[in-house]
Amino acid sequence: KKYLEESSERKRLYNEVIELKGNIRVFCRCRPLNRDEVANGSSSLVDIDPSHENELQIICSDSSRKQFKFDHVFGPHDNQEAVFAQTSSVVTSVVDGFNVCIFAYGQTGTGKTFTMEGTPENRGVNYRTLEELFRISKERNSTMRYELLVSMLEVYNEKIRDLLVENSDQPLKKLEVKQSAEGTQEVPGLVEACVHSTDEVWELLRTGSRNRSVGSTNANELSSRSHCLLRVTVKGDNLVNGQRTKSHLWLVDLAGSERVGKIEIEGERLKESQFINKSLSALGDVISALASKTSHIPYRNSKLTHLLQSSLGGDCKTLMFVQISPSASDLGETLCSLNFATRVRGIEHGPVRKQA
Ligand code: ADP
């Protein structure tokens, strides 16, 4: 009974927020200056006023300022706990039957993997999410029984690879997105691991990220050019009324959004960057079409959006982290990322705040 009350209260609050803000949230996270940037004497171009936690200003080369507003802005001093504290209500709504998608978008080296995957000492959104889902599922054990299933895949040059299967063991048959009988998008043959503890989850996430780099001469380079997707399926079984629920939570570390230099544009690199551009702009188009409530949503324009079709739109929740660098040498890419995120959010930037 307590569970049902809690759940309906959360749904009520959620619907109230939706009325006010829509289903899409955009958080911006700026990484600290790295060692090389500090050694070069760089100063940060990103000005975040702690008393305005939803805006930031970029100091441009002519000293003019551009202001951007998001649902929340995290600065270099905000740690993984602070980021997850703002994210947890979105991820845990998967337990109440909502489909959820979380993306990290931005130039390579801005902290997408740090935010999503994290490091052993500073675990990211992926691990914290599962930890929280375990906590909730145990808490409600009296009326609800939950099962958590995890899949991990990579999209590289519009091809899907299962990251929970060793590269050499990958079946010759290609993984493809198919529509299931219930009308949802599925990937037949994709491994779904049933997880019971956070230790198991950590091992699985490590296996997935190890398999991600297999077969490439430069692991970091390859991972910056592929999308890495973690899918958590939550199956709920209500022991009181026999109702069953199934929902998906996607946690996505996107390929680097940077434009490659003209000199590098040839051969394999050209193909890769065309695929990345195509899928990232397809994602932007889908999210902004959803925000503007257009009738045609172009899900089929890329593998990425096709995969996520049943978890974007409708009453699904979407959260995007736009990751940026504070360094002057990245100014061009930073403005591109912030403009992309602004378009996704569907709200133009307001006037520049007066300086004190
Ligand atoms: P990306 O996935 O966007 O290519 P990474 O996550 O690999 O970027 O981050 C690049 C480097 O910056 C890594 O060494 C990472 O640990 C560090 N880093 C990124 N964001 C932060 C942060 N908020 N705090 C501390 N270090 C960070």
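This is a predicted model: local features need pLDDT of at least 70, side-chain atom pairs count only at pLDDT 80 or more; totals for chains, interfaces and linings use all residues.
**Exercise 1. Which residue is the bridge partner of Ile59 in strand 4?**

- Step 1: Find the strands. Strand 3 covers residues 55–59, and strand 4 covers residues 65–69.
- Step 2: Check how they run. Strands 3 and 4 are antiparallel and are joined by five bridges.
- Step 3: Read off the partner. Ile59 is bridged to Arg65 in strand 4.
- Step 4: Leu56 sits opposite Phe68 in strand 4.
- Step 5: Look at the link. The two strands make a hairpin with five residues between them, and Ser63 in the turn has a positive phi of about 70 degrees.

**Exercise 2. Work out the strand order of the open sheet, then pick out its edge strands.**

- Step 1: Asp47 stands opposite Gln57 in strand 3.
- Step 2: The open sheet has three strands in the order 2-3-4, with antiparallel pairing.
- Step 3: Spot the edges. Strand 2 and strand 4 each pair on one side only, so they are the edge strands.

**Exercise 3. Describe the shell around the ligand by element and by class.**

- Step 1: Collect some neighbours. Among the residues surrounding the ligand are Arg31, Pro32, Lys112, Thr113, Phe114, Ser224 and Gln323.
- Step 2: Ask who gives the most. That's helix 4 (residues 112–116), with three residues.
- Step 3: Sort by class. The shell has two nonpolar, eight polar and two charged residues.

**Exercise 4. Compare the span of helix 5 with the expected one, and list its buried residues.**

- Step 1: Count along the helix. Helix 5 runs over residues 125–139 and has 15 residues.
- Step 2: Compare the spans. From first C-alpha to last, helix 5 reaches 21 Å, close to the 21 Å expected at 1.5 Å a residue.
- Step 3: Go through the buried residues. They are Val125, Asn126, Tyr127, Arg128, Thr129, Leu130 and Leu133.

**Exercise 5. Find where pLDDT stays under 50.**

- Step 1: Start with the overall scores. The chain averages a pLDDT of 85, and 84% of the residues score at least 70. The model also scores ipTM 0.99 and pTM 0.89.
- Step 2: Over residues 347–356, pLDDT stays under 50.
- Step 3: Check the contacts there. The model has 13 contacts beyond four places in sequence for residues 347–356.
- Step 4: Decide how to treat such a stretch.

Conventions: Residues are numbered from 1 along each chain as its sequence is written. A residue is near a molecule or strand if its C-beta atom, placed from the backbone, lies within 6 Å of it. Helices (H or I, at least four residues) and strands (E, at least two) are DSSP runs, numbered from the N terminus. Ala, Val, Leu, Ile, Met, Phe, Trp, Tyr, Cys and Pro count as nonpolar, Asp, Glu, Lys and Arg as charged, and the others, Gly among them, as polar. The expected span of a helix is 1.5 Å times one less than its number of residues. A residue is buried if 20 or more other C-beta atoms lie within 10 Å of its own, exposed if 12 or fewer, and partly exposed in between; C-beta atoms are placed from the backbone. pLDDT is the predictor's confidence in each residue, from 0 to 100. Two residues are in contact if their C-beta atoms, placed from the backbone, lie within 7 Å.
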